[in-house]
Amino acid sequence: MVSTHSTNTLEWGVRYKIAMGLAYALLYLHEEWEQCVVHRDIKTSNIMLDSGFNAKLGDFGLARLRDHELGPQTTGLAGTLGYLAPEYVTTGRASKESDVYSFGIVALEIACGRKARDRIDETFDLGLVEWVWGLRGKG
């Protein structure tokens with residue numbers, strides 16, 4: 001991800017293309033394959049970009065297969081801090097929804113140019129979600 005502090009930022013059209021590529025990958029894994037694939041480690045470092053900025057999702061080492069009809073399964077906590085859905089952290093049950101939460105974190109990174117675990121302010125230890133939520137509250 002390109003930092004907002006850099007002079008080399010990605011155009012909004014490219015950012016949109018990356019986010020949509022990841023969204024389509026999740027749609028395929030969650031709904032369109034014969035079984036549901038819960039990735040459990042959606043994060044920017046697991047997204048590969050080709051020369052045309054087409055996104056490919058990689059690193060399926062933590063992924064789990066399950067039938068489409070089944071709800072979240074207890075699988076034990078796995079993944080990367082900063083990308084884990086709060087309900088996944090408390091229950092240990094990975095789901096399509098916890099993958100979508102992680103996708104949301106990546107979308108925030110794409111939009112803001114900051115990493116999920118960047119220290120936003122030297123005086124506060126805010127993560128990206130808390131920082132964005134605070135900005136939303138300020139209008």
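The model is predicted, so local features were taken at pLDDT of at least 70 and side-chain atom pairs at pLDDT 80 or more, while totals for chains, interfaces and linings use all residues. Residues are numbered from 1 along each chain as its sequence is written, and side-chain values use heavy atoms, with hydrogens and water left out.

The protein has 4 helices and 6 strands, where helices (H or I, at least four residues) and strands (E, at least two) are DSSP runs numbered from the N terminus. Along the sequence these elements follow the pattern α-β-β-β-β-β-α-β-α-α. Of the 139 residues, 34% count as buried; buried means under 20% relative accessible area, exposed over 50%, and partly exposed in between, with a 1.4 Å probe and protein chains only. Contacts (heavy atoms within 4.5 Å) also reach along the chain: among those between residues at least 6 apart in sequence, 52% join residues at least 24 apart.

Alanine 55 gives a friendly example. This residue is found in strand 3 (residues 55-57) and, at 14% relative accessibility, counts as buried. Alanine 55 touches Ile18, Gly21, Leu22, Ile47, Met48 and Leu49, leaving aside residues up to four places away in sequence. Methionine 20 is 35 residues from alanine 55 in sequence, and the two C-alpha atoms are 8.3 Å apart in space.

Accessible areas come from the Shrake-Rupley method with a 1.4 Å probe, and for residues only the protein chains shown count as cover. Tyr28, Trp33 and Leu65 make a nonpolar surface patch of about 290 Å². Patches are made of residues with over 30% relative accessible area and no salt bridge, with like charges joined within 9 Å and nonpolar side chains (Val, Leu, Ile, Met, Phe, Trp, Tyr) within 5 Å.

Spaces within the model come next. On a 1 Å grid over the protein atoms alone, a cavity is a set of points where a 1.4 Å probe fits but cannot get out, a pocket is an open set with protein on both sides within 12 Å along at least five of seven lines, and lining residues have an atom within 4 Å of a point. Grid points are joined across faces, edges and corners, and a volume is the space filled by probe spheres set on the points. The largest pocket has a volume of about 190 Å³; its lining includes Leu81, Tyr101, Arg117 and Leu128. Helix 4 (residues 128-137) supplies the largest share of that lining, 3 residues. There are 2 cavities of 30 Å³ or more, and the largest cavity holds about 40 Å³. Helix 3 (residues 96-112) gives the most to the lining of the largest cavity, with 3 residues.

Finally, the model has 2 salt bridges, each a side-chain nitrogen of Lys or Arg within 4 Å of a carboxyl oxygen of Asp or Glu. Glutamate 31 and lysine 96 meet in one of them (2.8 Å, N to O). Glutamate 31 lies in helix 1 (residues 12-32) and lysine 96 in helix 3, so this pair ties together parts that are 65 residues apart in sequence. Glutamate 31 is partly exposed, at 43% relative accessible area. Lysine 43 forms a salt bridge with aspartate 41, with the closest N and O atoms 3.7 Å apart. Here lysine 43 is buried at 16%, and aspartate 41 is buried at 7%. Aspartate 41 is also among the residues that line the largest cavity.
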